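Visitor: I am new to this structure. Please show me how to read its side-chain contacts.

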Amino acid sequence: MADAVALSDRDREALGRRVREVWVEWAREQPGPGPSWLLSWEELDDGQREVDMLIGEALTEDFSEAAIQASER
């Protein structure tokens, strides 16, 4: 895997917010979603926010690596 993508705190938060937004959209489509599934970014505790930011970072790294590999072909 390539070196980790350097993200600012602002970028990490933006990614985390997007992950949460997609999650809540998905959760609303599920039968009987748990109340915590529908919490907005602002309602999450720091630990929950960190998880969403880590997911966003991982996806960014994966797509960056894929783009590098594609450009080397």
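Visitor: How many aromatic pairs does the structure hold?

Guide: In general, a pair of aromatic rings is described by the distance of the centres and the angle of the planes. Rings of Phe, Tyr and Trp (its six-membered ring) pair if their centres lie within 6.5 Å; planes under 30 degrees apart count as stacked, over 60 as edge-to-face and the rest as tilted. This structure holds three such pairs.

Visitor: Why is the pair of tryptophan 23 and tryptophan 37 edge-to-face?

Guide: The planes of tryptophan 23 and tryptophan 37 stand at 70°, so the pair is edge-to-face; the ring centres are 5.9 Å apart. Tryptophan 23 sits in helix α1 and tryptophan 37 in the loop between α1 and α2, so the pair ties together parts 14 residues apart in sequence. Helices (H or I, at least four residues) are DSSP runs, numbered from the N terminus. Trp23, Trp26 and Trp37 form one aromatic cluster.

Visitor: What should I know about the model itself?

Guide: It is a predicted model: local features need pLDDT of at least 70, side-chain atom pairs count only at pLDDT 80 or more, and totals for chains, interfaces and linings use all residues. Residues are numbered from 1 along each chain as its sequence is written, and side-chain values use heavy atoms, with hydrogens and water left out.

Visitor: How many salt bridges does a search of the whole structure find?

Guide: A salt bridge is a side-chain nitrogen of Lys or Arg within 4 Å of a carboxyl oxygen of Asp or Glu. The search finds five. One of them joins arginine 12 and glutamate 57, at 3.1 Å from N to O. This pair links distant parts of the chain: arginine 12 is in helix α1 (residues 9-28), glutamate 57 in helix α2 (residues 46-71), 45 residues apart.

Visitor: Is arginine 12 buried or exposed?

Guide: Buried means under 20% relative accessible area, exposed over 50%, partly exposed in between (1.4 Å probe, protein chains only). Arginine 12 has 14%, so it counts as buried. Glutamate 57 has 15%, so it is buried too. Arg12, Glu50 and Glu57 are linked in a network of salt bridges.

Visitor: Which residue forms a salt bridge with arginine 17?

Guide: Glutamate 42 does, with the closest N and O atoms 2.7 Å apart. Glutamate 42 lies in the loop between α1 and α2, and arginine 17 in helix α1, 25 residues apart. Glutamate 42 is exposed at 52%, while arginine 17 is partly exposed at 33%.

Key: Helix = DSSP H or I, 4+ residues; strand = E, 2+ residues; numbered from the N terminus.
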